Amino acid sequence: MEKRKYKVGIVTLSDKGSRGEREDLSGPKIQELLPDDRYEVVSYRILPDDQPAIEKELCRLADEEHCALVLTTGGTGFSVRDVTPEATLAVADRVAPGIAEAIRAYSLTITPRAMLSRAASAIRKQTLIVNLPGSPKAVEESLTYILSSLGHGLDILLGEDGECARK
Ligand SMILES: Nc1ncnc2c1ncn2[C@@H]1O[C@H](COP(=O)(O)OP(=O)(O)OP(=O)(O)O)[C@@H](O)[C@H]1O
Ligand SMILES: Nc1nc2c(c(=O)[nH]1)N[C@H]1C(S)=C(S)[C@@H](COP(=O)(O)O)O[C@H]1N2
């Protein structure tokens, strides 16, 4: 039987991008990296680094769009405006820290500046929310690394796979 596709929401957090002052290359990069036989992008928005607005969008994607996966990019650094992890954790029911840990661990093999991303990963209802850093390069490195394990996690979250074959 053919597996159904995971619904995905993409949110780019960038003050410049939301004002139209810089083309968003990172949101489209996420879409390009997701295999379209398994993932269907149902929403893509660019928002400023504003915590209430980010929380509202994450809730909409989880509660109304019923996305299995929400991928954010940007707003994970140390700038005072960077609040993506705080918004993510504020709307979460459960933490899923291993994904953010894995991204940082792998990314540290590429650049020591990976330690400057405060990205979080968490679950709201049946939606997994994963923060990725802002640059298209960081998006590519991070998402490529986690992609092979994401499907199994999403199947368990959606109740479609209870078996954890060791891989
Ligand atoms: N969405 C994006 N699209 C294209 N390039 C990006 C994007 N986000 C970040 N970058 C690149 O990464 C660099 C560092 O990102 P950072 O999040 O610090 O951006 P910023 O321009 O300081 O802030 P903001 O994007 O919130 O206005 C940027 O200067 C840009 O080159
Ligand atoms: N894989 C990877 N992770 C990375 C980077 C990168 O180039 N590759 N850049 C780092 C840098 S320089 C910063 S400041 C933080 C935060 O980025 P953000 O504020 O755009 O989310 O992500 C880090 N994580």
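Q: Which residues come closest to ligand 1, and how many surround it?
A: In this predicted model, 15 residues surround ligand 1, and the closest are S14, D15, K16, G134 and S135. A residue is counted here if its C-beta atom lies within 6 Å of the ligand. Helix α1 (residues 15–18) supplies the largest share of this shell, three residues.

Q: What makes up the shell around ligand 1 by class?
A: The shell around ligand 1 divides into two nonpolar, eight polar and five charged residues.

Q: Which residues come nearest to ligand 2, and which element gives the largest share of its shell?
A: Of the 19 residues around ligand 2, T76, G77, S107, S117 and G134 come nearest. The largest share of this shell, four residues, comes from α6. By class, the shell around ligand 2 has five nonpolar, 10 polar and four charged residues.

Q: Why are I99, A100, I103 and S107 called buried in α5?
A: The term applies to a residue with 20 or more other C-beta atoms within 10 Å of its own. I99, A100, I103 and S107 are buried, so each of them meets that cut-off. They cover an arc of only 95 degrees around the axis, which puts them on the same side of α5. What covers the buried residues of α5 includes β5 (121–124), β6 (127–132) and α6 (136–157).

Q: Where does α6 bend, and by how much?
A: The bend is about 50 degrees and falls at L147. This angle is taken between axes fitted to the seven residues ending there and the seven starting there. Just after α6, G159 takes a positive phi of about 75 degrees.

Q: Which residues of α6 are buried, and what do they pack against?
A: The buried residues of α6 are A138, V139, S142, L143, L150, G153 and L154. They pack against β1 (6–13), α2 (26–33), β3 (69–73), α5 and β6.

Definitions and conventions. Residues are numbered from 1 along each chain as its sequence is written. Chains are lettered from A and ligands numbered from 1 in the order in which they are written. This is a predicted model: local features need pLDDT of at least 70, side-chain atom pairs count only at pLDDT 80 or more; totals for chains, interfaces and linings use all residues. A residue is buried if 20 or more other C-beta atoms lie within 10 Å of its own, exposed if 12 or fewer, and partly exposed in between; C-beta atoms are placed from the backbone. Helices (H or I, at least four residues) and strands (E, at least two) are DSSP runs, numbered from the N terminus. The arc is that of the directions from the helix axis to the C-beta atoms. Two residues are in contact if their C-beta atoms, placed from the backbone, lie within 7 Å. Ala, Val, Leu, Ile, Met, Phe, Trp, Tyr, Cys and Pro count as nonpolar, Asp, Glu, Lys and Arg as charged, and the others, Gly among them, as polar.
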